[in-house]
Amino acid sequence: SSAIAGACGVIFLRRPSSAIAGPRFDRVQWALLGLIGVAAAFDLLEGLSPPADGDSLAYHFQLAKRFLAAGRLEFVPRALDGAVPLLVQMTYVPALGLGGEGALTLWTFVSGWGLAALFYTVCRHHLDITWSLAATLVLVTTPAMVFGAGSGQVEARLAMFAAVAAVAAASALGTGSLRYAALAGLAAGFFMGGKYTGLFFVAATGVVVLAGRGWLVRGAVFAGAALVAGGQWYGWNWYHTGDPVFPLLFGWLDYGDNGYWDTAHAELLQTAFFGQEQAVAKNPLWFLLYPFVATLAGPPQFESGRTGFGPYVLLILPFALAGLWKFRDRVATSPLAPIAAIVVVFFALWFFIGSSQRVRHLLPVLPLLLLLVTTAARKWCDGPERLRQAAAVVALTVAVQLAGHGLFGLNFARHVFAGESRDSFLRRNVPDYVAVQWINAHLRPSDRVFLTIRNLNYLIDTPIYYAHYAGEALIDIRPAAYDPARFHRQLGKQGITHLLVTEENPPAGTVAYGR
C-alpha cells in the first residue's frame, strides 16, 4: 500500500518543456501493434483459465503449492524436476499465496509478456520502430513462446535475464565499466538460478566479459555477481545431497547415506532419460545441421513442430547473410558482435554438453538471435524492393504463427466466453482428472497419496508423493526392482496411505518428462 501511495506522487511531476515528443506511428506500425495486441489477447485468455500444461502441473506450480502448504521451503530429492534451481518458481509462491490460482495464471501471463516489452526496448537501440515491432511480433507468436510463456515454463522468463546479461556484457566489453560487468553477472546469475542450462549461459557470457583489457578485475566482478545472484540453489542441493547439480555428479562426489540416490537409478537415468532425449550425434556436422533440421523436419525428441522457433530465422537468413557480407568490414567492431559470440558459445555448450536436444530449451537466447538476424537483414535492405522482400518474410511468418496461436487460444476462449467451470475445463484438458475429483472429495489432509501420473500433482489437494522410476530413489519403482516387501516398507517410511497407480509399469509419459 505504501508503494502505491508513493507512486501516486508521479501526478505532480511536470514534463520538461524541452522534452522530445514521442514518435507518431504510421499505418504499418499501427497494424503491427494491433497484431501484437491480438497475440496478447490470446495469451490473456490462457491467463484467465486454469493451468493445464503438463510440466506446470507436475512441478512448476506444484512446488509453489507445496511450499505454501508447508510454510517453508522443502527439499525434493527428485532428479530434473525437484532438486533443481527454482528461482523462477519462487515468484509463483507469492502469487499463489496472495491471490490464489487466478493470480498465479495471470502472473505467468504478465511475466511472459515482460519479455516482449524488454525485447522491443533492446531492438530500438539497433532498429527503427517498424522493424522493432515486427521482430517483437515474430517473437511473441513463435510456437515455443506460445507454448511456454503463458504457462509455468521458465524459459520465457529466463530469456529476460539472458537479454539483460548479453547487452550488459557487450557494454562492459566496449566501455570497460565494472558496473556493466556487475549487471551482466547478476542477470546471468539469475538465469543460472532458474535452470541448470544457466551454467552454460554464465560461461558464454563470461567469455565476452573476459575479453579485452582489464579482464581480470572485470571477470572477478562478473563471477562474484553471478554467484551471489544464482548460487543459492546449488548450495541448497549441495547441503542436502553433497552434489550442487544433483544427481549429475553422482560417482564423483560423496552422497553419504541419505538414500536419495544410488547406482541403479543413476544408470537408468542415463539410459532411459538422457539417451532418449538425444536424437542426433554430438559432432561438428550435427552442430551445424541442428538449426536447419530442427526447423524443417526435426525428430520427435526436438519437439520442433509444437514448441519450435518457427520459420522466421531460416527465411530471413539469406537477407542477414547478405547484410553481413555487405558490411563485412564492420562486423568485428559491431556492438552486436559480443552478443553473437554469446549465442554461439551458449549453443555450442548446450549441444555438446547438455543432456537434452529439445528446441524449446534454447528459448532464452532466441530473442538475441532474432535481434541479430533482423538487424543484419535490415542493413541489407537499403531500397524499396529489398524492403518489400524482407517484409514478405515477416508477413508469411506472422500469418502462419498467428494462425497457430489462434488455434491454441480456442481452447481457452471456450472456457472464458462459454462460462465453463474449472472442473469441466480440467476434465477436457487433463487426462485422469476424475481421479483428482475423487481424491479431493474423500481424502483428508492427514492422508498422503502415492502416484506416478505427474500431470495430477498440482491439482490434488491432499499431500502427495510423486514417484518416478528413474528420477527418485526413496520409493524404488524401477521395473527391475520388483520386491513387494521392500516396496511396502518404503511406502510406510514416506507415510503413504493411498496409491493411485496405472496398469502400465512404468506408466506412459514418464520416460521423457519435461524439465
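**One arginine and its helix**

Modeller: Set aside the neighbours within four places in sequence, and Arg-414 is in contact with Gly-419, Glu-420 and Arg-428 (contact is heavy atoms within 4.5 Å). Quick caveat: this is a predicted model, where local features need pLDDT of at least 70, side-chain atom pairs need 80 or more, and totals for chains, interfaces and linings use all residues. Residues count from 1 along each chain, and side-chain values use heavy atoms, without hydrogens or water.

Is Arg-414 buried, exposed or partly exposed? Its relative accessibility is 48%, so Arg-414 counts as partly exposed (buried is under 20%, exposed over 50%, with a 1.4 Å probe and protein chains only). For a sense of distance, pick Ala-266, which sits 148 residues from Arg-414 along the chain: their C-alpha atoms are 44 Å apart.

Arg-414 belongs to helix α18 (a DSSP run of H or I, at least four residues). That helix covers residues 384-417, and its axis comes within 9 Å of the axis of α15, residues 312-326, crossing at roughly 155 degrees (axes are fitted to C-alpha atoms, angles run 0 to 180 degrees). So α15 and α18 are roughly antiparallel, meaning over 145 degrees. The crossing is left-handed (near helix turned anticlockwise by less than a right angle). On the α15 side, the contact uses Tyr-312, Leu-315, Ile-316, Phe-319 and Lys-326. On the α18 side you'll find Arg-386, Gln-389, Ala-390, Val-393, Val-394, Leu-396 and Thr-397. Sorted by class, that contact has 8 nonpolar, 2 polar and 2 charged residues.

Now look at another pair. Helix α8 (residues 178-192) and helix α10 (residues 215-230) have axes that come within 7 Å and cross at roughly 35 degrees. Their crossing is right-handed. Residues from α8 in this contact include Ala-181, Gly-185 and Phe-190, while those from α10 include Val-221, Phe-222 and Ala-225.

Finally, the strands. There's an open sheet of 3 strands in the order β2-β1-β3, paired in parallel (pairing takes at least two bridges in DSSP). At its edges stand β2 (464-466) and β3 (498-500), each with a single partner, so one side of each has no neighbour in the sheet. On average, neighbouring strands are turned by 20 degrees against each other, ignoring direction. Strand β1 (residues 449-451) is joined to β3 by 3 bridges. Leu-451 has Leu-500 of β3 as its bridge partner.

Key
Helices (H or I, at least four residues) and strands (E, at least two) are DSSP runs, numbered from the N terminus. Angles under 35 degrees count as roughly parallel, over 145 as roughly antiparallel, 65 to 115 as roughly perpendicular and the rest as oblique. Ala, Val, Leu, Ile, Met, Phe, Trp, Tyr, Cys and Pro count as nonpolar, Asp, Glu, Lys and Arg as charged, and the others, Gly among them, as polar.
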